[in-house]
Amino acid sequence: MTAPTILFARADGIARITLNRPDRLNSFNTAMHAELREALMLVQADASLRVLLVTGAGRGFCAGQDLADRAVAPGGAPVDLGASIESNYRPLVLALQALPLPVVCAVNGVAAGAGANIALACDIVIAARSASFIQAFCKIGLLPDSGGTYFLPRLIGSARAMGLAMLGDKLPAATAAEWGLIWQCVDDDALKSTVDALLAQLALAPTRGLAATKRALQASATANLPAQLDLERDLQRELGLSADYREGVAAFAAKRPPVFTGR
Ligand code: T3D
């Protein structure tokens with residue numbers, strides 16, 4: 001029996017996905033894409049979940065596409081990479097972005113190629129100090145995919161995006177945090193406790209409000225100010241009817257901590 005390419009667990013409102021091909025630095029093969037897709041569908045359908053964690057097993061986070069599945073010797077039969085992106089990477093990025101709950105990515109080691117950009121598609125990225133981000137695509141004649149050309153310039157500006165994408169240099173986690181590519185870089189031995197505390201916090205947060213926040217911040221990438229103000233109005237109207245808003249205001253008035261249910 002082959003080992004699962006991802007590990008998936010759910011408890012106390014927290015879903016955890018661990019990419020699980022450590023001997024290949026958790027690079028993506030077809031099976032891993034399929035198992036990941038299925039897990040994300042389960043997360044999407046489970047209303048009890050309040051937060052999702054994505055991380056990697058072993059010393060790496062994810063080294064992008066498994067290049068052992070791309071035996072394209074010069075002169076050999078070509079591979080349709082567009083089909084691979086259409087059926088695997090594009091739906092994965094869109095699924096992570098569309099989940100109506102916060103997605104935390106714990107980058108435990110090197111994140112290269114699509115692995116780096118899948119991390120950036122998550123909402124809050126925390127990396128271990130020994131981790132790094134590599135836009136490895138240019139080393140094999142490709143361009144950054146999985147949203148790399150979208151996320152990079154928005155997060156760190158065109159100059160840094162261009163440099164990373166064209167040179168494929170290893171960006172240490174500390175520099176990634178300094179540049180604003182990720183939320184936080186922590187010492188390796190603090191990664192687990194930091195992430196666990198964050199997950200516990202988000203599992204008790206007003207999930208609908210966070211989902212609306214995520215949606216509005218994503219929309220701002222392409223919206224003008226009037227459109228963004230309209231979206232804020234519409235989402236705030238919905239949140240004003242939520243149980244968590246009532247609880248938040250009641251708790252404030254009573255000078256007690258709120259007990260949010262995610263509804
Ligand atoms: O194809 C499509 O569908 C289109 C979409 C493409 C998306 C992409 O992601 S393209 C980019 C693919 N990824 C890469 O080009 C990165 C390749 N890997 C590396 O450059 C290096 O492995 C790292 C910089 C990530 C880490 O280096 P290092 O020195 O820490 O580790 P290593 O020794 O290179 O790797 C450890 C093992 O993992 C090694 O196997 P071995 O020698 O112990 O048997 C290595 O071959 C394997 N490995 C690492 N990355 C991949 C991989 N095996 C298959 N595919 C990989 N991407």
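Let's start with a pair of oppositely charged residues: in this predicted model, Asp123 and Lys214 form a salt bridge, with their closest N and O atoms 2.9 Å apart. Asp123 has 30% relative accessibility, so it counts as partly exposed. Lys214 has 8% relative accessibility and therefore counts as buried, the cut-off being under 20%.

Two packed helices are described by the angle between their axes and the distance between the axes. Helix 8 (residues 207-219) packs with helix 9 (residues 225-240) at an angle of about 170°, and their axes are 10 Å apart. An angle over 145 degrees counts as roughly antiparallel, and helix 8 and helix 9 are therefore roughly antiparallel to each other. From helix 8, the contact is made by Arg208, Gly209, Ala212, Arg215, Ala216 and Ala219; from helix 9, by Gln228, Leu231, Leu235, Glu238 and Leu239. What kinds of residues are these? The residues of this contact divide into six nonpolar, two polar and three charged.

Now back to the charged pairs. Side chains of opposite charge can pair when their charged atoms come close. In this model the count comes to ten salt bridges. One of them joins the side chains of Arg21 and Asp66, at 3.0 Å from N to O. Here, too, distant parts of the chain are linked: Arg21 is in the loop between strand 2 (14-19) and helix 1 (30-45), and Asp66 is in the loop between strand 4 (60-62) and helix 2 (81-98), 45 residues apart.

Another salt bridge to look for is the one between Arg256 and Glu247, where the closest N and O atoms are 2.6 Å apart. Arg256 has a relative accessible area of 35%, so it is partly exposed. Glu247, at 17% relative accessibility, counts as buried because the limit is under 20%.

Conventions. Residues numbered from 1 in each chain as written. Predicted model: local features only at pLDDT ≥ 70, side-chain atom pairs only at ≥ 80, totals over all residues. Heavy atoms only, no water. Axes fitted to C-alpha atoms, helices over the stretch in contact; angles between N-to-C directions. Helix = DSSP H or I, 4+ residues; strand = E, 2+ residues; numbered from the N terminus. Parallel < 35°, antiparallel > 145°, perpendicular 65-115°, else oblique. Contact = heavy atoms within 4.5 Å. Nonpolar A, V, L, I, M, F, W, Y, C, P; charged D, E, K, R; others polar. Salt bridge = Lys/Arg side-chain N within 4 Å of Asp/Glu carboxyl O. Buried < 20%, exposed > 50% of the residue type's maximum accessible area, 1.4 Å probe, protein only.
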